Amino acid sequence: MRSETITWEGGEHEFALSVPLLVALEEKSRDKSIGAILQRLELSYLQNSHFYTISDIKDTVSLALEGGGKEKQEAYNLVLGIISERGLYCLLPTAYGILGNALMGWPDDEGKPTAEAERNS
């Protein structure tokens, strides 16, 4: 599993979503589908609409922080603090980027998908 350091609303942190964490995200979802979560985040982000659920954003970011090495409670508290201070919507780009890259492959330093991602497409 590859992790990425991302600068986001909460500062600079490692993010990663392993298969067990993706399964946990699906189980927290109302429709139990990682594809549906990604679709809601994508539509919300690209069309500036509100198809997402609170848990789509909160749980994606929290679990990815956990995958990146944060303790579960620390990740959860960090995300809730940001939501409380700045609102949920500010985390939409982070959640969409993390989940999309976890499923399709993180880009390399030049912005191209990794060779592994290209082989799997």
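Contact here means that heavy atoms lie within 4.5 Å of each other. Keep that idea in mind as we walk through this structure, which is a predicted model.

Let's begin with helix H1, which spans residues 19-28. Which of its residues are buried? They include Leu21, Leu22, Ala24 and Leu25. These four residues cover an arc of only 155° around the axis, so they sit on the same side of H1. What covers them? Helices H2, H3 and H5 are among the elements that do. Now turn to the face of H1 that points away from this buried side: there you will find Val19, Pro20 and Glu27, which are exposed.

The largest nonpolar core of the model has 29 residues. Trp8, Leu17, Leu41, Ile57, Leu91 and Leu99 are the ones with the most contacts inside this core. At least two core residues come from each of the helices H1, H2 (34-46), H3 (54-67), H4 (72-86) and H5 (92-104). Which residues does Ile57 touch, once its neighbours within four places in sequence are set aside? The contacts are Leu41, Tyr52, Leu88, Leu91, Leu92 and Ala95.

Strand E1 covers residues 4-8 and strand E2 covers residues 11-15. The two pair in the antiparallel sense, over five bridges. Together E1 and E2 make a hairpin, with two residues between them. Across from Trp8 you will see Gly11, in E2. While you are looking at strands, here is a handy rule: in a regular strand, side chains alternate between the two faces of the sheet.

Next, have a look at two loops. Most residues other than glycine have a negative phi. Lys32, in the loop between H1 and H2, has a positive phi near 60°. Asn48 also has a positive phi, of about 50°, although it is not a glycine. The place of Asn48 is the loop between H2 and H3. Is Asn48 buried or exposed? Its relative accessibility is 55%, so Asn48 counts as exposed.

Finally, how confident is the predictor? The protein chain has an average pLDDT of 89, and 88% of the residues score at least 70. Over residues 113-121, however, the pLDDT is below 50. Beyond near neighbours in sequence, this stretch has nine contacts in the model.

How values were computed
Residues numbered from 1 in each chain as written. Predicted model: local features only at pLDDT ≥ 70, side-chain atom pairs only at ≥ 80, totals over all residues. Heavy atoms only, no water. Core = buried A, V, L, I, M, F, W, Y, C linked by side-chain atoms within 4.5 Å. Buried < 20%, exposed > 50% of the residue type's maximum accessible area, 1.4 Å probe, protein only. Pairing = 2+ DSSP bridges. Arc of directions from axis to C-beta. pLDDT = per-residue confidence, 0-100.
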